[in-house]
Amino acid sequence: MEEERVSPARQLEGVIEWSMKNMVYSNALFFAERLHEIQNDSASVNHLATVYYRMGKPQQACAVLRQALNTDDNKYLFAVCSFELGRYPDARFALQGHDGRAPVPNGAAGHFLLASCFQKLGKKKKAEEHLKISLEMSPMLWSSFHTLCSLGSDPDPQRVFGSEIVHNCLKEMQVSVDQRKEAAGGKKA
């Protein structure tokens, strides 16, 4: 039986992922830089920026991401880094685009981050709007519920966390995990 050949780029991605999982960030950075030299695409930018972010260097992550804000993963990571740097308008732009009508990347978490931006920018109503959207998308996002309450809103816990809603949400989360495992070549849980 012939062995399947794995591309050098895929091998580097594996080393980066292993290094990140084991928190050997200097190793991850070295190989993320090599991958970016070889590939120089949105995925390699994301690997490199993620390493910078995990190393506590959101400024460097933003600098790398500026060249590749063409994927949802990169937009979201740029928004996270911008938020941490106190650049709330930049974070909002990454999540919504120039006109504020682009689909928000990263689902419920993206809407939670966007709500956090609006909250920092003093736009309480917009913050509440996106917190409610994030809870509709994922009632398991307790942070959205908690923030909504801290803003003075009074969401109905039964409506948000009703047993059928939570059951369906958990089921969707498991399907998502199974799909990622299958895409990575693993087996269903």
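1. Helix H5 covers residues 72-84, and its length can be checked against expectation. Helices here are DSSP runs of H or I with at least four residues, strands are runs of E with at least two, and both are numbered from the N terminus.

2. The model is predicted: local features need pLDDT of at least 70, side-chain atom pairs count only at pLDDT 80 or more, and totals for chains, interfaces and linings use all residues. Residues are numbered from 1 along each chain as its sequence is written, and side-chain values use heavy atoms, with hydrogens and water left out.

3. The buried residues of H5 are Asn74, Leu77, Phe78, Ala79, Val80, Cys81 and Ser82. Buried denotes under 20% relative accessible area, exposed over 50%, and partly exposed in between, with a 1.4 Å probe and protein chains only. The cover over these residues of H5 includes helix H3 (42-54), helix H4 (58-65), helix H6 (88-96) and helix H7 (107-120).

4. Gly86 follows H5 and has a positive phi, near 80 degrees. Gly86 is placed in the loop between H5 and H6, and its relative accessibility of 35% makes it partly exposed. The C-alpha atoms of Gly86 and Cys117 are separated by 9.2 Å, although these residues are 31 residues apart along the chain.

5. As to the overall architecture, the protein chain has eleven helices and zero strands. Of its 189 residues, 38% count as buried. Among contacts (heavy atoms within 4.5 Å) between residues at least 6 apart in sequence, 40% join residues at least 24 apart. The accessible surface of the protein chain is about 11700 Å², with 52% of this belonging to carbon and sulfur atoms; the areas come from the Shrake-Rupley method with a 1.4 Å probe.

6. Helix H1 (residues 8-21) packs against helix H2 (residues 25-39) at an angle of about 155 degrees, their axes being 8 Å apart. H1 is therefore roughly antiparallel to H2; the classes are roughly parallel under 35 degrees, roughly antiparallel over 145, roughly perpendicular from 65 to 115, and oblique for the rest. The crossing of H1 and H2 is left-handed. Among the residues in contact are Leu12, Val15 and Ile16 in H1 and Phe31, Leu35 and Ile38 in H2.

7. H7 and H8 pack at an angle of about 165 degrees, with axes 8 Å apart. This makes H7 roughly antiparallel to H8. The contact involves residues including His111, Phe112 and Phe118 of H7 and His130, Leu131 and Ser134 of H8. H7 passes H8 in a left-handed crossing.

8. Ser134 lies in helix H8 (residues 124-137) and counts as buried, because its relative accessibility is 0%. Apart from neighbours within four places in sequence, Ser134 is in contact with Ala108, His111, Phe112, Leu141 and Ser144.

9. Met23, in the loop between H1 and H2, has a positive phi near 60 degrees, and its relative accessibility of 59% makes it exposed. Asn40, in the loop between H2 and H3, has a positive phi near 45 degrees.

Notes:
Axes are lines fitted to C-alpha atoms, for helices over the stretch in contact, and angles run from 0 to 180 degrees between N-to-C directions. A crossing is left-handed if the near helix is turned anticlockwise from the far one by less than a right angle, and right-handed if clockwise.
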